[in-house]
Amino acid sequence: MGHVTGIDSLAYNSRALYWPPAGKLLLSVCLLVGSLSSYNLYGPAIVLGVGLFLFLYSVKGNLPSFILLLIAAVMAFNAVGVIIIAATQAGSPVFSISLPFIVINISQEGLDLAALVFLRSFAGLFVVLFFASSTPIPHIFNSLKKMGLPDYIAEITVLVYRYSFMILEQSEQMVNAAGCRLGFSGWWNYMRTTGTLTANLFIRSLEFAERSQNALQSRNFTGSFPVFREPKRITTVWIFLSLAVFASVYLIGNIR
């Protein structure tokens with residue numbers, strides 16, 4: 001729960017909170033597509049630099065511990081992936097690693113592809129972190145609704161988003177209570193307690209949904225959540241800026 005609320009807290013305290021959500025989304029998509037369409041390392045390296053700068057600007061240079069853990073986890077998965085890519089790509093061997101039953105040849109083509117995948121993944125990570133840490137969910141769907149997304153999809157998504165925090169809080173309380181009663185001591189107790197908590201959480205969620213529906217109707221809920229401060233609409237400046245960024249990354253990333 002802490003990670004979800006942490007991202008939400010970052011978004012509402014971001015320097016880029018009042019940038020147009022649709023503009024940030026378009027810029028992020030253009031950066032990601034530009035990075036993925038690059039065939040050399042320059043394109044993803046540029047996107048990595050831009051994404052890292054935007055993310056640090058968004059969080060005011062403060063990196064919470066859960067963000068550092070997330071980056072470390074992605075680095076660990078990436079390290080495994082690029083090693084496998086470098087070891088399995090065919091090509092001229094640059095050096096070999098001798099193991100008891102096998103000799104692994106590392107080719108130049110494998111190293112190049114592994115470096116490209118490594119940079120692309122990190123560039124994408126920081127671009128997504130920038131968007132997630134600067135744009136609350138209600139702002140995103142409010143903007144998408146203005147762009148033609150059906151009202152009921154936007155409102156249901158916002159409703160699920162808002163009440164998911166309460167469900168997470170309830171599940172955390174139930175897990176803590178079960179842990180205090182040694183409900184997770186041993187494999188058998190762990191499985192039995194997990195099943196019991198899952199069933200009880202489902203029932204509590206239904207009860208909570210019924211109470212919430214009554215509460216919304218008593219407040220004249222008409223199927224629309226008003227937003228106190230409407231996020232800005234996307235402008236032509238954002239569209240041209242995003243397309244210019246994409247064109248620049250694409251051209252630089254495809255230099256042979």
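Ile-102 is placed in the loop between strands β1 and β2 (103-107), with strands taken as DSSP runs of E of at least two residues, helices as runs of H or I of at least four, and both numbered from the N terminus. The model is a predicted one, in which local features need pLDDT of at least 70 and side-chain atom pairs count only at pLDDT 80 or more, while totals for chains, interfaces and linings use all residues. Residues are numbered from 1 along each chain as its sequence is written, and side-chain values use heavy atoms, with hydrogens and water left out.

Ile-102 counts as partly exposed because its relative accessibility is 48%; buried denotes under 20% relative accessible area, exposed over 50%, and partly exposed the range in between (1.4 Å probe, protein chains only). Ile-102 belongs to a nonpolar surface patch together with Val-94, Phe-95, Ile-97, Leu-99, Phe-101 and Leu-111, and the accessible area of these residues together is about 700 Å². Areas come from the Shrake-Rupley method with a 1.4 Å probe, and for residues only the protein chains shown count as cover. Patch residues have over 30% relative accessible area and no salt bridge, and nonpolar side chains (Val, Leu, Ile, Met, Phe, Trp, Tyr) are joined within 5 Å, like charges within 9 Å. A salt bridge is a side-chain nitrogen of Lys or Arg within 4 Å of a carboxyl oxygen of Asp or Glu. Strand β1 (residues 93-98) contributes the largest share of the patch, three residues.

Gly-34 and Pro-44 are ten residues apart in sequence, with a C-alpha to C-alpha distance of 7.9 Å. Ser-212, in helix α8 (residues 187-218), is buried, with a relative accessible area of 11%. The side chain of Ser-212 reaches the backbone oxygen of Phe-208 at 2.8 Å.

An unreviewed UniProt entry annotates residues 41-59, 66-90 and 234-253 as "transmembrane region"; such annotations may be inferred rather than shown by experiment. In the model, residues 41-59 are 89% helix and 0% strand, with end C-alpha atoms 27 Å apart. Residues 234-253 are 90% helix and 0% strand, and their end C-alpha atoms lie 27 Å apart.

Technical notes
A polar contact is a pair of N or O atoms within 3.5 Å; within protein, one must be able to donate a hydrogen and the other to accept it, and residues adjacent in sequence count only if both atoms are side-chain atoms.
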